[in-house]
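Please keep the sequence and the 3D view at hand while reading.

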Amino acid sequence: MSEIRPNDKKSREPLTDRRKFILNMARGVGIAALGGFVWSAYVDEVTASQLMLRPPGALPEEDFLKTCIKCGLCVEACPFDTLVLAAPGENKPLGTPYFVPRDVPCYMCPDIPCVPVCPTGALDEESVTTDGVLDINSADMGLAVVDHESCIAYWGIQCDACYRACPLLGEAITIAYEKNERTGKHAFMKPIVHGDVCTGCGLCELACVTEKPAIFVLPRETATGRAGDHYIKGWDKADEKRLENAHSKTTKTKISNRSAMDSLNDAEDLY
Amino acid sequence: MKTVWNNYRYLILRRFTQISLLVLYFGANAWGWTVLQGNLSSSSILGIVPMSDPYAALQMLAAGATLAADLLIGVTIVSLFYFLIGGRAFCSWVCPINMVTDLAAWLREKLEINRVQKVKQPATRQLRYWVLLMGLAISFFMGVAAFEFISPISMLHRGIVFGIGFGWAAVLIIFLFDLFVLKNGWCGHVCPLGGFYSLLGRFSLIRVHHDEAACTLCMKCKVVCPEQQVLHMIGKESIPVLSGECTNCARCIEVCDDEALEFSIRKLVDNNRSGDKHETSK
């Protein structure tokens, strides 16, 4: 008991202001760290989704998430109820507008009512304007992609539903004729999407006759690759422009100390 | 009937305002009304006058967004209204979460939870200002408006207008938190938007004024007040409630049987001085 008493006495002494201050600070830091990390982690999680189709004129996803104030004015302006706001529980960036073409595609109104109402510029009027006039054909909501395995036109069955549904008929989707070697007397009529014209409106996705659409719209960033600076179309003068700002990199690994020829001819490290 | 009106007149007016705004917003999405479109983050009156949430705009600025002209005009309109006139009135007259937390506070009183948890409240009301700052810091580091992704206010309001999803769960959490964990927990301690309007609205003209000579010290006002600390002058001094944390909900005015509390326009010079002195000594 005698060992405990001194402690008891100590605990009954009033805390000094200094001690109180330090303890309160520590408590504050602890709560702030806990709250801050949980909050940041959640924000990181909900903004990670890259597979959303945005309204026409939307800024690149990262800037869009910064700039969209989630007011829903674009949703209210849409006459076809295409656009919806992400609700809690959908695992999408909360409150931001998107659309699902298989439910309701973008019907590409010529006056693009959803864009000018945006108060923050997250939907950028400039990006859907050609020569001072709103031009929905210049919109880039995504890119239609054909799954060759499930597209029945690629099987040889005649179907041009997507081609017919496309608002830019004959431009964004064309039909490629090919001989069907299996039968020897029929033609394939394969739909080909042209990425430079396709706006990602999704009318093709809605029209597709297969159970799960064989043609579907993905955000362009997800649907496309990038050749990079290592390859060039040597026969295309315009393509050389792409590489104007390309620059070479000198590697500084151990293997590049010697010239490439010496390094390759030296068989020493093989044995 | 007369006493019912007398004792609940501002409460009825507030609920009327809050619900009317919700109906107008809802009608805009459901039936294409143009009176009030959008939601509490940003809206437009008759498609002409923009209004935007200034705290959301601050977060966007911290996140590195370029603020468009419409947004800045909307922010200015809203900020000027609360700065010059309304004070923190957004919280009690507009915000839909207020109805949820008022219900929780009322139930808490009725179920006598306040008597069980009569110990000192385990959290400080300064917390909201830290949450406000943290919201801006996280917006800066994450590059998105951070509070807008977790705000139960937006979830409820946007939910009512555009479809709620699991947003009701967030509202339920707030309700249970206020009912069982912390009295006036969300609106009075945590909500950074409330903190923002507390700072913004502290110089506004509309104030509750206390008449000490008429006061009988019944303390009914302190029981109903969601921000009790702002009523420090009750029974002591005839000055207005000058703290920005007062939401101008006017519950204190209507429960007072002695007409010792009433709305007034702040007298700019002399009241300012006496009020400031007391604000710092809470």
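The model is predicted, and in it A:Asp131 lies in the loop between strand 3 (129–130) and strand 4 (133–134) of chain A. Although A:Asp131 is not a glycine, its phi is positive, at about 55°. Most residues other than glycine have a negative phi.

A:Asp103 belongs to another loop, the one between strand 2 (97–98) and strand 3 of chain A. With 12 C-beta neighbours inside 10 Å, A:Asp103 also counts as exposed, since the limit for that class is 12 or fewer. The C-alpha atom of A:Asp103 is separated by 9.7 Å from that of A:Gly202, a residue 99 positions away along the chain.

Strand 2 (residues 42–45) and strand 3 (residues 49–52) of chain B pair in the antiparallel sense, with four bridges between them. Within this arrangement, B:Ser43 stands opposite B:Met51 of strand 3 of chain B.

Is B:Leu46 buried or exposed? B:Leu46 counts as exposed, because 10 C-beta neighbours lie inside 10 Å.

## An enclosed helix in chain B

Helix 2 (residues 54–63) of chain B is largely enclosed by the rest of the structure, because eight of its 10 residues are buried. The buried residues of helix 2 of chain B are B:Pro54, B:Tyr55, B:Ala56, B:Ala57, B:Gln59, B:Met60, B:Ala62 and B:Ala63. Just after helix 2 of chain B comes B:Gly64, which takes a positive phi of about 100°.

What covers these buried residues includes elements of both chains: helix 3 of chain A takes part, together with strand 3, helix 3 (69–86), helix 7 (127–142) and helix 11 (192–200) of chain B.

## Chain B as a whole

The secondary structure of chain B comes to 14 helices and five strands, and its C-alpha trace spans about 50 × 45 × 40 Å along the principal axes. Chain B has a radius of gyration of 19 Å, which agrees with the value near 19 Å that a compact globule of 282 residues would have.

Of the 282 residues in chain B, 46% are buried. Among contacts in chain B between residues at least 6 apart in sequence, 71% join residues that are at least 24 apart.

## Where the two chains meet

In the contact between the chains, 31 residues of chain A touch 43 residues of chain B. On the side of chain A that touches chain B, the elements giving two or more residues are helix 2 (17–46), helix 3 (61–67) and helix 4 (73–77) of chain A. Helix 2 of chain A provides the largest share of that side, with nine residues. By class, the side of chain A that touches chain B has 15 nonpolar, 10 polar and six charged residues.

How values were computed. Residues numbered from 1 in each chain as written. Chains lettered and ligands numbered in written order. Predicted model: local features only at pLDDT ≥ 70, side-chain atom pairs only at ≥ 80, totals over all residues. Pairing = 2+ DSSP bridges. Contact = placed C-beta atoms within 7 Å. Nonpolar A, V, L, I, M, F, W, Y, C, P; charged D, E, K, R; others polar. Buried ≥ 20, exposed ≤ 12 C-beta atoms within 10 Å, placed from the backbone. Rg over C-alpha atoms; globule rule 2.2 N^0.38 Å.
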